[in-house]
Amino acid sequence: MLKFLLNDSLQTVNKIDPNISVLEYLREHVFRTGTKEGCASGDCGACTVVVAELLGEALCYQSINACITPIGTLHGKQLITVEDLKYQGQLHPVQQSMVECHGSQCGFCTPGFVMSMFAFYKNNLKATRETINEAFSGNLCRCTGYSSIINAIQHASHDSLSDQFSKKQQQTVACLKSIGEEKNTVTLQANGKQFFSPVCINDLSLLLEIYPNARLLAGGTDLSLDITQGLQDVDLMIYIGRVDELLQINEDDSCLEIGAAVSYSQCSDVLVKNFPDLLELLTRLGSRQIRNQGTLAGNVANASPIADMPPVLMVLNAKLSLRCGQNTRVLNVSDYYQSYKVTALQRSEFIEKIIIPKARKNEEFRVYKISKRLDDDISSTCAAFNIQIVNGVVENALIALGGMADIPKRARHCEQALLQQAWNEKTMTNAMREMAKDFKPISDFRASAQYRLLVSQHCLRRFFLELESRADQVRVTRYA
Amino acid sequence: MRSLVDVSAAQKTPMKGGEGQSLKHESAEKHVTGEALYTDDLVTPANILHGYVGLSTIARGLIKKMDLSQVKAFPGVVDVLTLDDVPGHYDIGPVYPGDPVLADGEVQFWGQPLFAVAATSYKAARKAASLAVLEYEPIKPVVSIEEGLQAKYFVRPSHTQKRGDARKAIDEAAHRLQGELHIGGQEHFSLEGQVSMAVPTEDDGVLLYTSSQHPSEGQKLVAQVLGIAINRVTVDMRRMGGGFGGKETNANQWACLAALLMHKTGRAVKIRLARSDDMCATGKRHPFLIRYDVGFNQQGLIEGVDITLSAACGMSPDLSDAIVDRAMFHADNAYFFPAACITGHRVKTDTVSNTAFRGFGGPQGMLGIEGIMDDIARVVNKDPLDIRKRNFYSDSGKRNMTHYGQTIEHMVIADLVDRLEHQSDYRVRREQIKQFNAANKVFKKGIALTPVKFGISFTAQHLNQAGALVHVYTDGSIQLNHGGTEMGQGLFTKVAQIVATQFQVDIDTVLCTSTRTDKVPNTSPTAASSGTDLNGMAAKEAATTIKLRMINFAATHFSVEQDDVNFIDNQVIAGDHCLSFSQFCQLAYLHRVSLSATGFYRTPKIYYDREKAQGQPFFYFANGAAVSEVLVDTLTGEYKVLRVDICHDVGQSINPMIDRGQIEGGFIQGMGWLTTEELLWDKHGKLLTNNPASYKIPTMADTPAIFNVELLPNSPNTEATVFHSKAVGEPPLMLAISVWSALRDAVSSVSNYQINPLLDTPATPERVLHALQALKERRTP
């Protein structure tokens, strides 16, 4: 039985096809048509809604794309849509601000923007162009050119009014807690489709042993596309978002451990703290909505050759803790990928967590994402470097690229050309040449093979320039 | 009615919301609350069916077999529709034939609708539509403009505009430039896609809800495909979630198919296209190939041009004739050509039929000449801005007539550009950029100021007409209806302001209701930036008719001169008598004065003789200019637009904030067209960039950090437009040409501005890097 709050009303849903998205539920089942479908693929943000989750005694408000969120993931959460913001006849401050700043033209993207603004406002973020770009890159507007919306966001953020959601917080927390106290696997069944949402790792292992063909669902940002774009029906889904052990982040002196159900948003602070250069990637990868839903482990697990995190994890020497039944094993991320979309994952096995060793002395880590559009775009190439230079000599070189082969792949020739060499222009130029031996990229709509290789080589040059003169800005993305 | 509502007595309250004020969009509060209803949000009849289309999976060929048995057998499917089921006329080409509502035995583009299906749910209809078993006899498709040009594969005959002997002028000029430029197309990507709902009526007719810029054409075509009279079909269109030209003719097919499925099943049917199918099955902005040959003197003054504009029209004419004409009309942009030969080819490609898109060919025509201006400047070693200024149309030296014979009567551009040049610190920044570029190895900056002169009017003369209907009720409230459609541009707001101004009553008094073909018939599309010019005038006319009746009545009733009857501050004052507007309406009603009127407007002066390629196709020109500054990373080709300054001529603005929104939005949309929005087809004619994951329109981060927009002050339209305003929908899109020019400026800096970079559009980071590499290689042979 699925239980969640739709604004302040408790919904219990028994029979519903687990393939139904939150968007379809809203528009077709409860006739809330304020939330719009623009793409049904998580790329435009017209369907943005906000989900509030328990965080101790507080609530954490997150914007998500309703179009790629399976209904079953709502269990124990509060779903807030654009219809819920106006209260006692008064517009919510974020709505008022959009009106006053002329932030809507055709109005179709507006409910999504309003909901992203609402989350932004509830999270009390300081409205600078950087924070705004980060939080709104997943909301496309084709009419305004964004200026008026940026004004509206800046204007609203100065408003310190407490809204009805704050006033009702205790009530909401109490209700969500009472749902959460029922610590059992939630199941949904309809039309011959099944959905399981276990709460502990043992139950998850067991379910996967019983149903080895089940699709694992974490953020759903990829799996949902099979449903909405591929028109497939997923017969059996196991949702890992409530499995306590998989929601943990641990940090000690030597490493970070990120549970498989941890979203980008949840782990980005700890990742950036340890690897500051990840900040740019983690603000450009997907959008705020996608980062609120998507998981690091999901980005690894589905073995997409164009995923951005695998090259990063490969050069950071990250490992995967894999579990099957009661057995666990540890595997290098580099060894996880075998061929296009084929991984080392065995039947009934799943990723439990990702283990990332902390940076060692003299290690320089950088990652460069090259894409057609700055924000919310899939990389033409994503180049990650982790090079250890001791007394001017390259002691260790790890280089991995995404978008350059049928799997995320290390640049072994390039690495070899650097190892034990003096870190200078000549070495670097030679290593750039060697990189051509590592990859035979394809041409597609994102980029030509020629550009992919050239720009990857130039990423190494950029890395060199960045190390050479740290004061200079050498990234257009950071230029202000 | 026997009794009237109580109304307030006369009280002088200053009128709120007349013309010239920055009122919020009439639906703003509904937008932000989700209460604004779009076609897919409307309450549906209980027995509604959902329609979907089966699309072709080749670009060109004959259909050998179309087995729909699995489609029919799919759970939930109620019926399927093939071309044989169409009772009436099945070609829905808007001007010329060529657009069958479903493929007629042969496939003409990848993603062409072959059949339609009606089912009890959207999902069932969509899934079923994918189950057809199709066999084709494929023919190799023509995908590129070059292939089509070579084979003289055209959808319409070519057209040429000529002045003097261009060839001779070019041959005799001191300098000559030849080249070509490939300009990419653009997907409209309105956030709301195509959607229509047809509801049967008791007269064997249809009540049609459709997201359309042209309800009257939808109405006519639905009547034609059903084989019924036009009066049986009523279209209701409250608002679109964006249009941009993509719902001018391209909305019709889904309206017709919904009506045909409705006709066949006897039930209401709604069709809504999923994004990826929408992107494959509907037309886009035309890609163009421009070839040019230009002669100019040592000062950079053009002496002759020979420009050939070839558009990829897709598989049918649609609106391509007018679109290529408009490209030709704008091949000069703001510059005088002493001798010119402008040729336009309408190349047929075996791709979806390209259609209207904000600017309607104008942007492509302009891009060519703006690139030429920059190139001339580099040849004669001058600042491109000086070359532009030198070539502007002007009143002196007989340099005020276009190559198609229209005299420029209101010279705005030179003063406007001077103003922007100073306000944007163009010269100082140009010097700073040169210094920056000399000092930086990796980063290069570029700057460009480009003007826009855009002709306002439909080039099809008869479309320049509009109707409106105004009712005044007995409580003094006013209902307004006109033939224009609201797609976000603020048309309803502006026209309501115009009507409120006529009666001098608060804007809240006026309600603009959905566009309906049974209220205002035979309307033109809301397109060509003409919405307010045409419908505003028609509504003003309707209001004036009622007002004159009221004045006439008041003069008689109160025995005063007509001149002594005044509408002011929500009151009607007749001599010593002072009534609230609502009191006065009641009085007029009781004295049997008609409080309802239609209004009609047609644009004066315009004509174009296509045989002679001469005329005055435009009532007036809208003008503007922009300065863009960019930063380019020479390692990767990535770039950032750092600052944009715009000065734009909207005449006397009816609503400055709405106009500003059009300018900002148009600019960013134009920037997307020229930078990141890349449409790519494979060699089989399949669109590869058919969703927002692969087709990238600008996001918020692409809006420049410094974005100064000014409406040119004190510049009323010298023509008698509504309150002397100017059209604003399309022209600002072309201000974004400054971004492309600035990118080329930055790229050419690596050759110390000596070499003209080749930079086709969209100028993706890849193309920019390619251009940089090409210059570097030429520099070091």
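## Working through a two-chain model

Chain B has 19 helices and 29 strands, where helices (H or I, at least four residues) and strands (E, at least two) are DSSP runs numbered from the N terminus. Before you start: this is a predicted model, in which local features need pLDDT of at least 70, side-chain atom pairs count only at pLDDT 80 or more, and totals for chains, interfaces and linings use all residues. Residues are numbered from 1 along each chain as its sequence is written, chains are lettered from A and ligands numbered from 1 in the order in which they are written, and side-chain values use heavy atoms, with hydrogens and water left out.

### Exercise 1: Overall form of chain B

Work out what radius of gyration a compact globule of 781 residues would have, and check chain B against it.

*Solution.* 
- Step one, the rule: take 2.2 Å times the number of residues to the power 0.38, with the radius of gyration taken over C-alpha atoms.
- Step two, the check: for 781 residues the rule gives a value near 28 Å, and chain B has 28 Å, so the two agree.
- Step three, the box: along the principal axes, the C-alpha atoms of chain B fill roughly 95 × 75 × 50 Å.
- Step four, burial: 67% of the 781 residues in chain B are buried, meaning under 20% relative accessible area, while exposed is over 50% and partly exposed is in between (1.4 Å probe, protein chains only).

### Exercise 2: Now chain A

Repeat the check for chain A, with its 480 residues.

*Solution.* 
- Step one, the elements: chain A has 18 helices and 20 strands.
- Step two, the check: a compact globule would come out near 23 Å, and chain A has 23 Å, which agrees.
- Step three, the box: expect roughly 70 × 55 × 40 Å for the C-alpha atoms of chain A along the principal axes.
- Step four, burial: 64% of the 480 residues of chain A count as buried.

### Exercise 3: Helix H18 of chain B

Find the span that H18 (residues 737–748) of chain B should have, and decide whether this helix is enclosed or open.

*Solution.* 
- Step two, the comparison: twelve residues should span 16 Å, and the end C-alpha atoms of H18 in chain B are 17 Å apart, which agrees.
- Step three, burial: twelve of the twelve residues of H18(B) are buried, so this helix is largely enclosed by the rest of the structure.
- Step four, some names: the buried residues include B:Trp740, B:Arg744 and B:Asp745.

Notes
Expected span 1.5 Å × (residues − 1).
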